[in-house]
Amino acid sequence: MRGFIRLLGGLALTVAAGTGAASAATLPQLDHEFYASQVIWLVVSFLILYVVMWRFALPRISHILEERQDRIEGNLERAETIRREAQVTAEAYDKAVSEARAAAQSVIATARDRMAADAAAHHATLSERLAAEIAEAEGRILEAKQEAMAHLRDVAVEVTSTAAERLAGERVDPRVVGRIVDHVLKERS
């Protein structure tokens, strides 16, 4: 690199020394006297630039491009690996959610069945208790009815005797009145 800089410096001094008289008068690059030397310097400059680019700049640029390509490919591979891991994780998550839902459904079904069985047992117990209470109440009602009917006959006999005595002015035999009341009650029942 130092050699290249020295070469460029020497070329610049040479050009400056060779064009000093012409540049003072007008534009030397338009003077046809200098065309041949300008073409030679143009070719020499082009060759130097070509060699510099070929030996130093292009390998570095190529190396940088290769490193960048390698980095991009590495990043793409890493992204693909992360995507696969995320997909596996998502599948595991979905599977865990499905299992949890199935377990929850099973627990709910078990609880529902247990509650239905408890409700049926309570219903049966309550039905038995209510049936017993209804039967007991019906028995009490029947006893009360029979007792009321028995007293009704006595009241009817007494009311009839009293009414007959007031209407006829004589006392009526209670056995006769009892038979008449029994006959009427039989007809009405």
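Q: In what order do the elements of the protein chain run from the N terminus on?
A: They run α-α-α-α. The chain has four helices and zero strands. Helices (H or I, at least four residues) and strands (E, at least two) are DSSP runs, numbered from the N terminus.

Q: What kind of model is this?
A: A predicted one, where local features need pLDDT of at least 70, side-chain atom pairs count only at pLDDT 80 or more, and totals for chains, interfaces and linings use all residues. Residues are numbered from 1 along each chain as its sequence is written, and side-chain values use heavy atoms, with hydrogens and water left out.

Q: What is the mean pLDDT of the protein chain?
A: The mean is 87, and 87% of the residues reach 70 or more. pLDDT is the predictor's confidence in each residue, from 0 to 100.

Q: Which element has the lowest mean pLDDT?
A: Helix H2 (residues 20–25), with 49, while H3 has the highest, 94. Over residues 19–24 the pLDDT is below 50, and beyond near neighbours in sequence this stretch has three contacts in the model. Contact means heavy atoms within 4.5 Å. Where pLDDT is low, the predicted coordinates should not be read in detail.

Q: OK, on to H3. Where does H3 bend?
A: At Met53, by about 45°. The bend at a residue is the angle between axes fitted to the seven residues ending there and the seven starting there.

Q: And how many aromatic pairs are there?
A: The count is one: Phe46 and Tyr50 are stacked, 6.5 Å centre to centre with 25° between the planes. Rings of Phe, Tyr and Trp (its six-membered ring) pair if their centres lie within 6.5 Å; planes under 30 degrees apart count as stacked, over 60 as edge-to-face and the rest as tilted.

Q: Where do Phe46 and Tyr50 lie?
A: Both are in helix H3 (residues 35–168), four residues apart, about one turn of the helix. An α-helix has 3.6 residues a turn, so residues three or four places apart point the same way.

Q: Is Phe46 buried or exposed?
A: Phe46 is exposed, with a relative accessible area of 53%. Buried means under 20% relative accessible area, exposed over 50%, partly exposed in between (1.4 Å probe, protein chains only).

Q: Which residues in H3 are buried?
A: Ile48, Val52, Val157 and Ser161 are buried in H3. Of the 189 residues of the protein chain, 6% count as buried.
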